[in-house]
Each structure stands twice: as structure tokens, then as C-alpha cells.
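Welcome, and thank you for taking a look. Please explain this structure to me, with some of its helix and loop details.

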Amino acid sequence: MRTKSSVKNLLKLPQLLLALATALLILFFGQLSTFGQVQSNVNVDFAVPQSIKSVSGILHGIDPSNPPDSTIKPLQFKLWRAGRVDTYDRVVNSGAEFQLIVSDLWGYGANPNGWPYQNYPAWEAFVRQLAQQNKGKKILWDVWNEPDWANPFWAGTREQFFETYKRAYQILRQELGPEAIIGGPSIAIYSKDYLVAFLEYCKANKLEVNFLSWHELNDDNILFVDDHLIEARRNFIQSPAYASLKIKKLYVNEIVGEVGQYRPGDILGYFYNLERGQADGACRACWGSLGPNKVSNCFNNTLAGMVTPNSFQPRAAWWANKAYADGASSRVRSQSSSERVVALASKSNSSGKAQVLLGYFDRNNSSSIRLNVTLANLKQLNVAQNGKIHLKLEKIPNSQEAAVQKLAILKEENVSIGNGTLKYIIPNFGLHEAYVLTIG
């Protein structure tokens, strides 16, 4: 026998089931935009500063007058690798160290001088004259470019390159004295075996390698950049076995491959892993332009493709480099749940505002992701007014060679920070894109 209350409950059951079904439908359709979408989480803590040095640099990209200084200054390069000396004044005036590729001035192959091992006296005379002409300049002497790449940069054996380095080193040291900074081998890929062989030769012949250098140009292997740096620092700089070589710095003096050259998300992936590995400097490489009629971005004064030819308008790659440089001096701790989503957070950018620079790269996935950003200890920034802070989200698009006159503002709002921690969502973060979240 049912009581009145049990009858009422039975009568309510269909209503409860309907309400539950309605709630589920609302939840389902409300989440359609993220259903099946990969989600990543980023945590930023503005109370934990990170001591890093900017790894922003470039290979070639200018002549003595072009592009204008207004395109160069915002990028705040720290290292500039060049194959000509007539840009020296522009480079040092910009605040960058000048690394000279001696082999670029000598030439490769039959023209104009042949290979050094075919005429070592001529090679020595060339290096001596170059040193004498540039005494008093603060130059990092990079003896040869990519001697592990047979076509087009080296046709001899590994041992013949080692001999070439030895002869150049001895002449440079004679002419420039003990303070000259001489290094290499600037190989095309990181190879522990090659570096060991090179350093063992230098040790046996009483040569110094004041900086150790190699290139990271495989856009599929961005995640290994920090591993290579950590290994090289442990095995070479910190090893007593190589103390006599006086290795002071690790330079990845060419970064970013041909595919990734215009992709802001990939560029930030390189920067993030270079910082993790504590590189002492890195230089953006230069490649051919897109399309069937390729033009070298090394020698068309486009800052290695970061600005358009002739008109020198910024591209997405320029904006990624600028945003990186803006925040490099005040980095704070950031962590990502995905190794292919990077966050470079800073307490103060060039405008005195905090920023979080975000990039997404992946060699397999082609879909967008949902990014959940947690901003902790916002009160450390001292920018809140009436308990609220100003947030601005800008997008650096994967627009390849197209000019990007200014970044699109996707969202701008004043938000209450409560206890000092804020959750921020970017619902559709596209592959190879980047975002700048400015706070304050």
C-alpha cells in the first residue's frame, strides 16, 4: 500500500527525468565546440622569477643600410652571425654580438679559392689578412660553416676540417692575442660523436674552442633542442677533461628549419627549449622564399624572411620574435601539460605590462586545441584597480609570407582577480599559431 508521499514522488519522477535529460542536452550541446578536442593546461606563477638570458639572434638578413633600423631595434637581437664585415657597425650598434663566419668570406668549392686543404698556405694568408684588417673589433670568430655537410660546405674529410680549424686558430691567436674568441665547429646537426672527435683533436693540438656551436634545423625535433644543450654542457663545459679548451659558451648559431621559418608557434617552441637548455645564444637561420621562384631570404635584407622584401613590412615571424624579446628580461615560471604547447611568461614587457606568450606546434596533429591558462599571484603585478585587472588577447597568425601590419585583438576585458588567481580559456588555439596575453 503506497502512502500519499510515495505517490507524489512517483508523479514527480517523469519531471525529474525530463529535467535531467534537459540538463544533459544543454551540457552536451554547450560543449560541442570542445567535444573531441584536445585540451592543454598552462600554469603561470608571477611570484616565481626565472633567471634566463635572451636567446634571440639572427643569421645574415641585412646590408649596411637595409632594412631600416626601425624594423631591427624592436627585436633586440643578442647574437648576429654574418658572412660579411661591412655590417659590423650596424650589428654592434643594435646591441648584438657579432659572430663572423670566416668560411663565407673565403668561399666554398672551386670558386674563388678552392678548399683550404688544397692550399693551406693560402688559407693561412687569408686568415692573417682578415685578422689584421679587423683588429680592435669585438668579433666572435666562427672558423667554418657546417663542415659535416658535404654539399655545398665541405668536400674534404673530417680530419681535413680539423686541420683547417687548427691553422685558422693559430693565425688568429698570433694576430689577435689571448683575448680573441674563436670557436666552432658549427655543424649542421647536433652530433655528440662529431663534437667529441673535434674537441679531442683540439685538446691534443693545444687549441682552444672558446665557444662550442651547432645547428638545430629539424622542425620535427624541436623537443630535443634542450636535451642537446644539457648534454653538451654536462659533457664538455663542465667536464674537467676539456678544461684546457676554455669552452665558455654554447651557441646554437642556426635555428628554425625551412618549414617552420614563418610559423610563430614553432618559433616559440625553439625559444622555449633553448631557454630550458640554457643556450648562450641562437641565430634564426635563413631559407628560400615560398613558391616556385624561390629567392634566398639570407641576402634580400628581409631579416631572414621576417619582413617583406623591399617594403620591409612585418610578418608573423617578426611579431613572434618581438613578443619574445619584449619579455625575455623578466621571465617568471610557466608550466604546460603538453610539451608541444609552450608558455613564456614575463612580469614586464616593453610597455611595462605583464605578458604570457603562448605557442602551439605539432608534427602530427592538425586540429585546434582548447587551452586553459591559470594565472597565479596576480597581486604581485600591482596593476589591479578596484580588484580588477585588464586583459588583452592578441593573435599572431600562421600567415606565412603575408604582411601583418598589427596583431588582431581577439578579446579585451576587465576581470576581477579575487584571491589573486585567475582562469583564462583560449577555446580554439590553432596549430602553429601564437597568442599574446597582456595583463595590466
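Predicted model: local features only at pLDDT ≥ 70, side-chain atom pairs only at ≥ 80, totals over all residues.

Let us begin with helix α8, which covers residues 225-237. At 1.5 Å a residue, its 13 residues should span 18 Å, and the end C-alpha atoms lie 17 Å apart, which agrees.

Now look at which way its side chains face. The buried residues of α8 are V225, D226, H228, L229, A232, R233 and F236. Viewed down the axis of α8, these buried residues fall within an arc of 160°, so they line one face of the helix.

From β8, we can move on to the loops. V256 sits in the loop between β8 and α9. Its phi is near 75°, a positive value in a residue other than glycine. V256 has 2% relative accessibility, so it counts as buried, the cut-off being under 20%. N301, in the loop between β9 (281-284) and α10 (316-327), also is not a glycine and has a positive phi, of about 60°. With 14% relative accessibility, N301 counts as buried.

Finally, turn to two cis peptide bonds. One joins N66 and P67, with omega about -5°; P67 is found in the loop between β2 (57-59) and α2 (69-72). The peptide bond from N151 to P152 is cis too, with omega near 15°, and P152 belongs to the loop between β5 (139-142) and α6 (158-176).

Technical notes:
Residues numbered from 1 in each chain as written. Heavy atoms only, no water. Helix = DSSP H or I, 4+ residues; strand = E, 2+ residues; numbered from the N terminus. Expected span 1.5 Å × (residues − 1). Buried < 20%, exposed > 50% of the residue type's maximum accessible area, 1.4 Å probe, protein only. Arc of directions from axis to C-beta.
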